[in-house]
Amino acid sequence: MQPASEIDTEGRELAQLVADFPGFRIWREDVCGRVRYIALSQHPDLRPHTVITADLAELREALARGQRVPGWPQPTFSPAAPSVARIYDHVLGGKDHFPADRAAARELLERFPEVAQIARANRAFLARAVRHVARQQVTQFVDLGAGLPASPNVHETTRQVIPGARVAYVDNDPMVLAHARAVLAVDDQVAVVAGDLRAPAAVLADPALISLIDFSKPVCVVLASVLHFLPAQQADAAVAAFREQMSPGSYLVISVGTSSGTDPELIRCLQATYAGTAPVTARTEAEITSWFDGLLLARPGLTDVWAWRAGQSRQAHRPPQSRARFVVGVARKPSGPGPWRP
Ligand SMILES: C[S@@+](CC[C@H](N)C(=O)[O-])C[C@H]1O[C@@H](n2cnc3c(N)ncnc32)[C@H](O)[C@@H]1O
């Protein structure tokens, strides 16, 4: 018979595994005096599907292997190295950045000053897009690659239309998460979720996300100014995973830099600015259009960031001469089979 102290230790380790791998159902079985542990994935894309072992350490290793984010390392907090979120915050005129971020931003803006105007146009588009979706009575929003708080934040805009709107902010940068928890998580209808778009199944299985957002009801998935920081295959997989999960009546909001119509020198410059931080990947307009496959693009379709339903502010955000193109789209998942009318 196993001593009680060993059973206690095992119980604690098992409880820790359950807490560390929320996308899995994990339990202990005792069959004819032989103990085994079983982990079952709770999401079709979350690997490994099943693990059965008598050894808790082996179980942890197998689950961790399946969860490892492929490709570039996860961001860690280091004021010495520029970060995607802090460079963007500086370009927008925010206050959460360090000398390394300011130096990287300065080098970029000296050569391509229009990048600052595009960043501001992107924030303005984001507010217009989520307001439009909230007006369609969608009450749940998932902001993926949410960034450092920048007013108006998504929950502030949506709540002007729907006071009880639920918003989940997801990011993989520890500084973004810390600031978001301090500034954005104003009540229990706002969640801040640590998640990496390179592992979308793990994000979709995160208990903090699914306890707030019900994907069986319409939801607005926002991917603003983040997909160009992922390699092409991972960006495609992330969009497909969320698009698949969205129920009819849901919306997909995307803004992203494109290689179509952008000076290749700017793309090289961005790749140098973010070297060691994120793999800047510029996609063609046709590739970006394919992210909306099976969805109904709202008018005016995929268009330049400053032009989407901008009304009077159209000229305010249009750079006089831009060597950069940044495109946006807002699309709804229809119910029933197509064809669909715009
Ligand atoms: C340029 S900011 C955009 C912020 C906001 N979405 C906006 O449009 O104003 C990009 C954000 O995406 C986050 N990000 C980059 N790669 C990511 C990934 N693989 N998973 C999750 N977040 C990521 C960065 O940490 C950063 O906060």
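Me: Helices (H or I, at least four residues) and strands (E, at least two) are DSSP runs, numbered from the N terminus. In which loop does Pro300 lie?

Reply: This is a predicted model, in which local features need pLDDT of at least 70 and side-chain atom pairs count only at pLDDT 80 or more, while totals for chains, interfaces and linings use all residues. Residues are numbered from 1 along each chain as its sequence is written. A cis peptide bond, with omega about 10°, joins Arg299 and Pro300. Pro300 lies in the loop between strand S9 (296-297) and strand S10 (303-304).

Me: Which residue is joined to Pro152 by a cis peptide bond?

Reply: Pro152 has its place in the loop between strand S4 (140-144) and helix H6 (154-161). The cis bond has an omega of about 0°, and the residue that it joins to Pro152 is Ser151.

Me: How far apart are the C-alpha centres of domain 1 and domain 2?

Reply: The protein is divided into domain 1 (4-65) and domain 2 (84-332), with bounds that come from an automatic or database domain assignment. Six residues of domain 1 are in contact with seven residues of domain 2, where contact means that two C-beta atoms, placed from the backbone, lie within 7 Å. The C-alpha centres of the two domains are separated by 36 Å.

Me: How many bridges join strand S1 to strand S2?

Reply: Two strands pair if DSSP finds at least two bridges between them. Glu29 has Arg36 in S2 as its bridge partner, and Val31 has Arg34. S1 (residues 24-31) and S2 (residues 34-41) run antiparallel, and the number of bridges joining them is eight.

Me: Is Cys32 buried or exposed?

Reply: S1 and S2 form a hairpin with two residues between them, and Cys32 is in its turn. Phi of Cys32 is near 50°, a positive value in a residue other than glycine. A residue is buried if 20 or more other C-beta atoms, placed from the backbone, lie within 10 Å of its own, exposed if 12 or fewer, and partly exposed in between. Cys32 has 4 other C-beta atoms within 10 Å, and therefore it is exposed.

Me: Which residue in S3 stands opposite Ala39?

Reply: S2 also pairs with strand S3 (residues 50-53), in the antiparallel sense and over four bridges. The residue of S3 opposite Ala39 is Val51.

Me: Why does Leu59 count as buried?

Reply: Leu59 has its place in helix H2 (residues 56-67). Beyond the neighbours within four places in sequence, its contacts are Leu17, Tyr37, Ala39, Val51 and Thr53. Leu59 counts as buried because the number of its C-beta neighbours inside 10 Å is 23.

Me: Which helices do the buried residues of H3 pack against?

Reply: Eight of the eight residues of H3 are buried, so this helix is largely enclosed by the rest of the structure. The buried residues include Val84, Arg86 and Tyr88. They pack against helix H4 (99-111), H5 and helix H7 (174-183).

Me: Which residues come nearest to the ligand?

Reply: A residue is near a molecule if its C-beta atom, placed from the backbone, lies within 6 Å of it. There are 22 residues around the ligand, and those that come nearest are Ala85, Gly145, Gly147, Asp173 and Ala224.

Me: Which residue in S6 stands opposite Val167?

Reply: Four of the five residues of strand S6 (residues 190-194) are buried, so S6 is largely enclosed by the rest of the structure. Strand S5 (residues 166-171) pairs with S6 in the parallel sense over five bridges. Opposite Val167, the residue in S6 is Val190.
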